[in-house]
Amino acid sequence: MIIGRVVGTVVCSVKTQTLEGLKLMVVRRLVNGQEKELMIAGDGTRQAGIGDTVYMIGRLEAALQIDMSNPPPVDLTISGIVDPETL
Amino acid sequence: MQLARVIGTVVSTRKSERLNGLKLLVVVPIDMDSMQEKGAPFVTVDTVGAGEGEIVMWAGGSSSRQTELTTGKPVDSSIIGIVDYVDVLGVRKFDKFKADEAT
Amino acid sequence: MKLARVTGTVVSTIKYDKYQGIKLLKVRHLDLALQETGEEMVALDAAQAGIGDIVLVNNDGGAAQMILEDKALVAGLTVCGVVDSFTCQGKTTHCHG
């Protein structure tokens, strides 16, 4: 899994039906603490907010983690939020 | 997922049968920091009715096959949403409705 | 998928079992002006493509399994279509001959 910081959101009203209800977060990727590119991740935790440091899973596992029985077409999902006091 | 702008269409008659019926679009990646085009254009599959000029969100790999239109289809990326807004750190970096007005 | 030009064929006797009977092509990615970019790569052919054809190259192993109808195939690049034409910003480029 890769690490990043949540910096924003993306809103799409026209989208694949299985994306309904999934929050799309803009995440700044962090590599060894260095800020890298922005990416879009589905919020599997449903609780991520701006400023949170998160870890994300990619590929098909991203879709399965959102919904195993009806996976949406997402290739990156926020799996968890790092407890801030442990950073 | 990443953003891209739709810039064109592709016609291919002789192709894998399993690609039949899919709409192939040419897109150019959009860098979310600058909201400018950055990187090499590529061909992707539309699942949402995207049109030329629109900013779209796309997914890659096997995730791109998790839509009604692309299930079981040999695609490596697909357009999964038409972007209305991108907000980063309290700044609205993209607004489809303002962009529509401007054009 | 990416646009590419078929620049040659690869003849190989000794190869991964699953590639037996599949044509291997050399391809180079193209920009929208049809200029070659990047390095020459090898792709499996699933579109009866020939040298000089402008093609769509798929870069996903799972898609390759579907294109070549073999769930046990392990592959990277697959030529999955021959491009007739593409239209960008009102300009149509025809790709045959």
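How far apart do the closest C-alpha atoms of chain A and chain C lie?

**View 1. The three chains of this predicted model meet in two pairs.** No contact joins chain A and chain C, and the closest C-alpha atoms of these chains lie 11 Å apart. Of the two pairs of chains that are in contact, chains A and B share the most contacts.

**View 2. Chain A and chain B in contact.** The number of residue pairs in polar contact across the interface of chain A and chain B is 15, counted where both residues have a pLDDT of 80 or more. Strand 1 (2–15), strand 2 (24–31), strand 3 (34–43) and helix 1 (59–66) of chain A are the elements that give two or more residues to the side of chain A that touches chain B. The largest share of that side, nine residues, comes from strand 1 of chain A. Sorted by class, the side of chain A that touches chain B has 20 nonpolar, six polar and four charged residues.

**View 3. A salt bridge between chain A and chain B.** Across the interface of chain A and chain B one salt bridge is found, and it is formed by Arg28(A) with Asp33(B). The closest N and O atoms of Arg28(A) and Asp33(B) are 2.7 Å apart; a distance within 4 Å is what the salt-bridge rule asks for, so this pair is counted.

**View 4. Strands of chain A and chain B side by side.** Strand 1 of chain A pairs with strand 6 (residues 77–88) of chain B in the antiparallel sense, and the pairing extends over seven bridges. One place to look for this pairing is Cys12(A), which stands opposite Val83(B) in strand 6 of chain B.

**View 5. Chain C and chain B in contact.** Here the contact takes 30 residues from chain C and 28 residues from chain B. About 2,200 Å² is buried between chain C and chain B, and 54% of this area is on carbon and sulfur atoms. Two salt bridges are counted between chain C and chain B, and the side chains of Asp60(C) and Arg65(B) meet in a salt bridge with an N to O distance of 2.9 Å. The count of residue pairs in polar contact between chain C and chain B, both residues being at pLDDT 80 or more, is 18. At least two residues of the side of chain C that touches chain B are supplied by each of strand 1, strand 4, helix 1 (61–67), strand 5 and strand 6 (85–88) of chain C. By class, the residues of this side of chain C divide into 16 nonpolar, nine polar and five charged.

**View 6. Strands of chain B and chain C side by side.** Strand 1 (residues 2–11) of chain B and strand 6 of chain C pair in the antiparallel sense, with four bridges between them. Within this pairing, Thr9(B) has Thr87(C) in strand 6 of chain C as its bridge partner.

**View 7. A barrel of five strands in chain C.** In chain C, five strands close into a barrel in the order 1-2-3-5-4, and the pairing is mixed. Neighbouring strands of this sheet are turned by 55 degrees against each other on average, with direction ignored. Strand 1 (residues 2–10) and strand 2 (residues 24–29) of chain C run antiparallel and are joined by six bridges, and Val10(C) stands opposite Leu24(C) in strand 2 of chain C. Strand 2 of chain C also pairs in the antiparallel sense with strand 3 (residues 41–45) of chain C, over four bridges, and Lys26(C) stands opposite Val42(C) in strand 3 of chain C. Strand 4 (residues 54–59) and strand 5 (residues 77–82) of chain C run antiparallel and are joined by five bridges, where Asn59(C) stands opposite Leu77(C).

**View 8. A salt bridge within chain A.** Over all chains the structure holds 12 salt bridges. In one of them, the side chains of Glu35(A) and Arg5(A) meet with an N to O distance of 3.3 Å. Because Glu35(A) lies in strand 3 of chain A and Arg5(A) in strand 1 of chain A, this pair ties together parts that are 30 residues apart in sequence.

Conventions: Residues numbered from 1 in each chain as written. Chains lettered and ligands numbered in written order. Predicted model: local features only at pLDDT ≥ 70, side-chain atom pairs only at ≥ 80, totals over all residues. Heavy atoms only, no water. Contact = heavy atoms within 4.5 Å. Polar contact = N/O pair within 3.5 Å; in protein donor to acceptor, adjacent residues only side chain to side chain. Nonpolar A, V, L, I, M, F, W, Y, C, P; charged D, E, K, R; others polar. Pairing = 2+ DSSP bridges. Axes fitted to C-alpha atoms, helices over the stretch in contact; angles between N-to-C directions. Buried area = accessible area lost by both parts, 1.4 Å probe.
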